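User: Could you walk me through this structure? I have not looked at it before.
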Amino acid sequence: MTIRMKSAQAVKEETGSARYEVIRQVLHNILLQQRIPQGLVLLEGPLAQLFGTSRVPVRRALSLLHEEGLIARFEGRGFIVAQDAETVEPIRIALTRELFGLDEQQALVDTRSSGEKVLENLQIVLSTAMVFGCYQVDEQKAAQHYNISRSVIRESLMRLRDKGLVEKEPYSQWLTGPLTAREIADHFEIRASLEPTALRKAGQHLAVDWLTASLEKTQRYKGKQLTAAELEWLEEDLHVRCLEPAGNKLMMQILRQNQSPFIVTRIFYDLLAIPVETAMLEEHCLVYEMLLKGNWDLAAACLRDHLERAQLRTLQRLKVLSVLPVPELPDFMEPH
């Protein structure tokens with residue numbers, strides 16, 4: 001049994017994929033599947049807006065599709081879904097996700113830099129490794145692995161150090177882990193001391209619309225298996241975004257450095273592929289309900305109760321993970 005962790009090769013492929021190629025591939029599949037009508041006029045501006053990019057990559061993608069014979073030039077300012085020299089009636093309608101059969105929420109083009117993508121993958125690798133022991137990170141091997149400069153790797157590791165995922169003494173190697181039950185208990189003690197106080201201050205500044213949306217989203221997750229991103233967002237809604245309006249930057253920095261409870265939860269559900277516990281979600285909902293009622297003291301009490309229960313659940317999850325085989329890690333992660 002292994003953790004479903006995005007490989008470094010996959011990250012390299014993503015970081016090397018030009019935007020125009022992503023757009024070309026999406027449109028190529030749509031055209032081959034005949035999901036849009038013959039004669040549809042394809043203009044750079046509306047497509048750029050649809051994909052969330054400038055016109056330049058759209059122009060390149062359309063030119064490549066024309067070279068493949070999937071679309072034809074149209075009146076010198078666009079293309080039409082037709083073969084060259086084929087006579088079809090032009091259809092001028094809005095180019096929408098619904099028309100193309102695309103997901104309304106999914107980002108069609110990943111506009112993050114290669115460094116941001118590597119940072120995300122490094123965070124997953126480090127947080128996975130630290131649950132299973134102490135590991136040393138080799139900067140040079142990591143740079144080769146991701147096909148990126150060593151300075152980018154170092155910058156990413158420094159940012160992840162701020163989250164408490166890795167540490168480095170002067171003139172020594174980067175180290176992550178081991179994540180122990182004592183460390184988790186310490187982190188929960190810090191969070192239980194700070195979060196309720198912060199929530200009591202932040203409550204009156206939280207928008208009703210945002211709280212309502214967060215409550216409804218949490219309720220929808222009951223009984224479902226969540227992705228790592230969904231689970232992380234769910235936790236950050238309650239334990240970060242709810243507290244930020246308190247206005248204490250130093251406290252938020254301390255909380256961001258105490259990430260181990262979230263790490264264990266993410267890996268636990270990633271590995272076992274089971275729905276998130278209803279009890280945890282109900283505790284989240286109760287905090288939101290108290291905030292919506294304007295009862296900041298009770299909301300803070302509910303948050304403290306949630307953290308106490310979450311500590312017990314997290315320690316139980318850590319025990320489960322401890323008896324499972326160590327997942328395959330990249331070659332730049334070496335046991336220490």
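Analyst: Gln 34 is exposed, because its relative accessibility is 68%; exposed means over 50% relative accessible area, buried under 20% and partly exposed in between, with a 1.4 Å probe and protein chains only. This is a predicted model, in which local features need pLDDT of at least 70, side-chain atom pairs count only at pLDDT 80 or more, and totals for chains, interfaces and linings use all residues. Residues are numbered from 1 along each chain as its sequence is written, and side-chain values use heavy atoms, with hydrogens and water left out.

User: Where does Gln 34 lie?
Analyst: Gln 34 is in the loop between α2 (19-32) and β1 (41-42). Helices (H or I, at least four residues) and strands (E, at least two) are DSSP runs, numbered from the N terminus. Gln 34 has a positive phi of about 55°, although it is not a glycine.

User: What about Asn 147, what is its phi?
Analyst: Asn 147, a residue other than glycine, has a positive phi near 55°. Asn 147 belongs to the loop between α7 (139-146) and α8 (150-161), and Asn 147 is exposed, with a relative accessible area of 65%.

User: And which peptide bond is cis?
Analyst: The bond from Gly 177 to Pro 178 is cis, with omega near -5°. Pro 178 is placed in the loop between β6 (174-176) and α9 (181-202).

User: Let us step back. How many helices and strands does the protein have?
Analyst: The protein has 15 helices and seven strands. Its C-alpha atoms fill a box of roughly 75 × 50 × 35 Å along the principal axes. Of its 336 residues, 46% count as buried.

User: What share of the contacts comes from residues 24 or more positions apart?
Analyst: Such residues account for 77% of the contacts with a separation of 6 or more, where contact means heavy atoms within 4.5 Å.

User: Now the helices. How do α13 and α15 cross?
Analyst: The axes of α13 (residues 260-272) and α15 (residues 296-322) come within 9 Å and cross at roughly 50°. Axes are lines fitted to C-alpha atoms, for helices over the stretch in contact, and angles run from 0 to 180 degrees between N-to-C directions. The two helices, α13 and α15, are therefore oblique to each other; angles under 35 degrees count as roughly parallel, over 145 as roughly antiparallel, 65 to 115 as roughly perpendicular and the rest as oblique.

User: Which residues meet there?
Analyst: Among them are Pro 261, Val 264 and Phe 268 in α13, and Thr 314, Arg 317 and Leu 318 in α15. The residues of this contact of α13 with α15 divide into 10 nonpolar, two polar and one charged. Ala, Val, Leu, Ile, Met, Phe, Trp, Tyr, Cys and Pro count as nonpolar, Asp, Glu, Lys and Arg as charged, and the others, Gly among them, as polar.

User: And how do α6 and α13 cross?
Analyst: The axes of α6 (residues 114-132) and α13 come within 10 Å and cross at roughly 90°. That makes α6 roughly perpendicular to α13. The contact is made by Ile 124, Ser 127, Thr 128, Met 130 and Val 131 of α6 with Ile 263, Arg 266 and Ile 267 of α13.

User: Last topic: how many disulfides does the structure hold?
Analyst: The structure holds zero disulfides, a disulfide being a pair of cysteine sulfur atoms within 2.5 Å. Cys 242 is in no disulfide, and its nearest cysteine sulfur, that of Cys 285, is 12 Å away.

User: Is Cys 242 buried or exposed?
Analyst: Cys 242 counts as buried, because its relative accessibility is 0%.
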